[in-house]
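Reader: Hi, I'm new to this one. Can you put it up and walk me through a few parts?

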Amino acid sequence: MKLATLKDGTRDGRLAIVSRDLIRYTDASFLAPTLQAALDDWQRIAPHLAALAESLEHGAVPSSRFHEHDAHSPLPRAYQWADGSAYVNHVELVRKSRGAEMPADFLTNPLMYQGGSDSFLGPRDPIVMADEAWGIDFEGEVAVITGDVPMGTSADEARGLIRLVMLANDVSLRALAPGEIAKGFGFFQAKPSSAFSPVAVTPDELADAWDGGKVSLPLSVDLNGKPFGRANAGVDMTFDFPRLIAHAAKTRPLGAGTIIGSGTVSNKLEGGPGRPVAEGGSGYSCIVEMRTVETLLNGGPKTPFLRYGDTVRIEMKDRAGHSVFGAIEQTVERG
């Protein structure tokens, strides 16, 4: 089933079921007022939501036209948002952009940071920034929402605790990151509010593209209407979601509604850092990767970070060409 949170003037919105073709929705707030409420009581509520979703597909319940502009991120705010960096190509390129070495234990110990989760952007909300000089960048990612995860949960156990899958735009301010990292206390100002796809889906909606730990479909990223990235989320993912969840739960329990991000989807594919889409490659899911490759090949970057008026679109389509999660489409505006 596909779940959305509709804007209704309240902070947490109203839960809705969306049809598989993303055309219609039906109200689900009589079962659970919000997605967080459904996650808190998932074992009891999920079967009723699934039954309502089937009724929607058969036209057996009242429905209305679904407009992605009317949707919040599935969780407009969350108790926890922890973003991993599961794609080794992205880690290599971003660290090269900062002149930093790869962590010695990267292949055995995931990188992860704890992001701000009190005010996510809607999938069609603008990215409002006060200064272009902050190095505004997008990051196209896949994310999962968990149920309650006990401390010390193994990766095998975590596999069964993934409730929903969605896409993310982890907005990053590249010019602010090096100074914060140099202080030794991690990101804060460099990671403003993120946005998530219009709908979050149960893993069964992904059919054979979901292996229990990752999504093997291309992530389409367009910048100002032109293809920028087409990396496959199932390729070059060093740590799958069960591994990331187990890592996050090593020293603490994770409450229902915790969001775990994959980090920027990134493929080598061509045996090196990859090539732009325009040159027949899989491209990149963030600008800093493109700039790093340009620097490696040509001695300096030529692709600018986002400017006011630029629009990024992030979407994933199934093998039949149908949008799975709807699209994140955001324009940068002056704050």
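Author: Here is a short tour of a strand, a pocket and a helix. This is a predicted model, where local features need pLDDT of at least 70, side-chain atom pairs count only at pLDDT 80 or more, and totals for chains, interfaces and linings use all residues. Residues are numbered from 1 along each chain as its sequence is written, and side-chain values use heavy atoms, with hydrogens and water left out.

Reader: Strand 1 then. Is it mostly covered or uncovered?

Author: Mostly covered. Strand 1 spans residues 2-6, and five of its five residues are buried. Buried means under 20% relative accessible area with a 1.4 Å probe, protein chains only. Strands are DSSP runs of E, at least two residues, and helices are runs of H or I, at least four, numbered from the N terminus.

Reader: Which residues point which way?

Author: Lys-2, Ala-4 and Leu-6 point one way, Leu-3 and Thr-5 the other. In a regular strand, side chains alternate between the two faces of the sheet.

Reader: Which strands are joined to strand 1?

Author: Strand 2 (residues 14-18) is joined to it by five bridges, antiparallel. Ala-4 stands opposite Ala-16 there. Strand 13 (residues 200-201) is joined by two bridges, also antiparallel. Leu-3 faces Ala-200 in that strand. Pairing takes at least two DSSP bridges.

Reader: New topic. What volume does the second largest pocket have?

Author: About 420 Å³. Of its 20 lining residues, the closest to the centre are Pro-276, Glu-279, Met-290, Glu-294 and Thr-303. A pocket is an open set of points on a 1 Å grid over the protein atoms alone, where a 1.4 Å probe fits, with protein on both sides within 12 Å along at least five of seven lines; lining residues have an atom within 4 Å of a point. The volume is the space filled by probe spheres set on the points, which are joined across faces, edges and corners.

Reader: Which element gives the most to that lining?

Author: Helix 7, with five residues.

Reader: How long is helix 7?

Author: Twelve residues, reaching 16 Å from first C-alpha to last. That is close to the 16 Å expected at 1.5 Å a residue, counting one less than the number of residues. Gly-299 follows the helix, with a positive phi near 90 degrees.

Reader: And Thr-292, buried or exposed?

Author: Buried, because its relative accessible area is 6%. Thr-292 is in helix 7. A polar atom of its side chain lies 2.8 Å from the backbone oxygen of Val-288.

Notes. Buried < 20%, exposed > 50% of the residue type's maximum accessible area, 1.4 Å probe, protein only. Polar contact = N/O pair within 3.5 Å; in protein donor to acceptor, adjacent residues only side chain to side chain.
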